[in-house]
Amino acid sequence: MTMRSGISAYDTWQVGRVSVMDAVVAVASKPGVLAHGGTDAPAGMLAEAVATRRPSAAGALSLHLGSGNGLVPAVAQAVGFAPLAVDRYAANAEATRRSLLASDSPGAHDGQSPPAVFHTACVNPHVEAGSCELVTIRIPTDKLGVQLAVVEAFRALAVGGRCLLAGANDEGAKPAARLLEQLFGAARLENQHSGCRLLLAVKTADVPADGVLATTPWLDCETFFEQPVVVGGTAFVLATRPGVFSWEHLDEASRVLADLMRVDDGETVLDLGCGAGILGVVAARLTPAGSVCMLDADADAIRCAQRTARMAQCLNVDVRASDVCSAVAGRAFDVVVSNPPFHLGKGTDLAIPRAFIEQAHAHLHRGGRLYLVANRTLPYERLIAEVFGEVRTAHDGRRFKVIGGVRRA
């Protein structure tokens with residue numbers, strides 16, 4: 001069956017012009033992108049700091065970790081750097097690509113070659129050591145993610161290169177300063193406001209000031225945390241990494257859904273927001289004659305899910321990076337299972353689960369079923385009723401509920 005669906009509010013891109021000091025750049029955004037509908041103070045601080053700097057030569061490389069909506073690399077491009085941008089989330093990486101394409105400025109983008117934007121959590125394969133004059137870090141909220149960013153910044157910088165790091169105090173900006181000091185030997189507070197800090201460190205030697213941090217095992221992108229689990233009546237090994245949802249333990253909500261979802265052999269299944277692959281592997285075992293497609297926006301989650309499926313010897317599984325269902329346009333499934341995210345940054349954002357529910361409906365065959373698990377306090381019943389015309393409750397527990405619907409037309 002081939003399906004068609006219209007463009008939803010979630011998929012609608014907007015591009016606006018933003019002035020930062022003397023630079024005027026384009027910034028692309030939509031729901032699901034960092035700071036959509038508002039501003040991100042740390043990114044703004046980084047952009048202002050970059051706007052006051054000039055490369056030693058036109059086209060000198062700058063690297064931007066956690067590029068978000070592309071504001072910071074667009075400013076770097078405007079002042080003459082050749083920006084390399086990295087973000088682990090699909091919507092942010094696409095926003096950065098669109099921002100750089102839409103910004104008419106000197107620098108790396110010549111209007112013909114595509115901007116250098118990488119949807120990844122691991123910079124090493126893409127950026128040569130010692131090649132960059134400037135690195136900016138919009139810190140992630142997990143400690144190990146900050147460690148990885150600081151180590152990769154040090155590796156990418158040439159001696160004499162500068163690292164600018166910004167984040168909110170309650171996101172870990174103060175501990176991040178200590179990480180900079182460990183590797184670079186010193187870090188200076190450049191700016192602070194709105195509960196955020198901007199820090200500067202200069203690389204003065206090829207060897208880190210403190211080698212202890214660089215030996216943390218998770219800084220090797222090929223190191224995975226592997227834990228044996230039994231879920232939905234099937235045993236397998238779950239591969240995870242820091243920053244991936246519930247990476248240190250089996251998520252209880254996913255376990256509840258795995259025990260309750262019904263998948264008949266021969267059916268096609270979409271695991272939407274698959275994380276490390278728990279639900280997708282259980283579904284693959286339930287439908288050996290069918291197939292399972294796993295989607296996630298997090299680049300490291302994709303690598304983990306691929307490894308989990310491979311170790312489970314699930315040959316009927318396809319794992320793809322995707323902003324909700326963007327990677328399966330034109331396809332429809334018999335079953336959609338999902339443990340959707342409801343956080344964007346630190347807050348609750350219902351635009352994301354709404355998009356999951358709308359796109360799940362659009363990608364189901366007629367008669368196809370949605371199974372969704374969530375904290376019982378989240379108001380998903382209204383969203384499902386609006387889209388499916390009904391709400392089916394499979395489980396209403398003390399902490400979690402499993403709800404869904406059937407596509408009727």
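Welcome to this structure: Val-324 sits in the loop that runs between strand E14 (317-321) and strand E15 (333-338), where helices (H or I, at least four residues) and strands (E, at least two) are DSSP runs numbered from the N terminus. The model is a predicted one, in which local features need pLDDT of at least 70 and side-chain atom pairs count only at pLDDT 80 or more, while totals for chains, interfaces and linings use all residues. Residues are numbered from 1 along each chain as its sequence is written, and side-chain values use heavy atoms, with hydrogens and water left out.

**Two residues with positive phi**

- Most residues other than glycine have a negative phi.
- Val-324 has a positive phi near 55° and is not a glycine.
- With a relative accessibility of 6%, Val-324 counts as buried (under 20% relative accessible area is buried, over 50% exposed, and in between partly exposed, with a 1.4 Å probe and protein chains only).
- Ser-194, also not a glycine, has a positive phi of about 55°.
- You will find Ser-194 in the loop between strand E8 (188-193) and strand E9 (196-202), and Ser-194 is exposed at a relative accessible area of 62%.

**The chain as a whole**

- The chain contains 10 helices and 20 strands.
- Its radius of gyration is 22 Å, close to the 22 Å that the globule rule gives for 409 residues, so the chain is as compact as a globular protein of that length; the radius is taken over C-alpha atoms, and the rule is 2.2 Å times the number of residues to the power 0.38.
- Of the 409 residues in the chain, 54% are buried.
- Among contacts (heavy atoms within 4.5 Å) with a separation of 6 or more, 69% are between residues 24 or more positions apart.

**Surface and charge**

- The accessible surface of the chain is about 17000 Å², and carbon and sulfur atoms account for 51% of this area; accessible areas come from the Shrake-Rupley method with a 1.4 Å probe.
- The chain has 38 positive and 41 negative charges, and their mean positions are 3 Å apart; Lys and Arg count as positive and Asp and Glu as negative, without His and the chain ends.

**Salt bridges**

- There are 24 salt bridges in the structure, each being a side-chain nitrogen of Lys or Arg within 4 Å of a carboxyl oxygen of Asp or Glu.
- One of them pairs Asp-40 with Arg-138, with the closest N and O atoms 2.9 Å apart.
- Asp-40 is in the loop between strand E2 (23-29) and helix H1 (41-51) and Arg-138 is in strand E6 (residues 132-138), so this pair ties together parts that are 98 residues apart in sequence.
- Asp-40 is buried at 15% relative accessible area, and Arg-138 is buried at 12%.
- Another salt bridge joins Arg-376 and Asp-396, whose closest N and O atoms are 2.9 Å apart.
- Here Arg-376 comes from the loop between strand E18 (364-375) and helix H10 (380-388), and Asp-396 from strand E19 (residues 392-396), 20 residues apart.
- Arg-376 is partly exposed at 37% relative accessibility, whereas Asp-396 is exposed at 54%.
- Arg-408 and Glu-390 also form a salt bridge, the closest N and O atoms being 3.7 Å apart.
- Arg-408 is exposed with a relative accessible area of 51%, while Glu-390 is partly exposed at 21%.
- Salt bridges with shared partners join Arg-88, Glu-222, Arg-241, Asp-298, Asp-300 and Arg-303 into one network.

Terms used: The place of a charge is taken as NZ of Lys, CZ of Arg, CG of Asp or CD of Glu.
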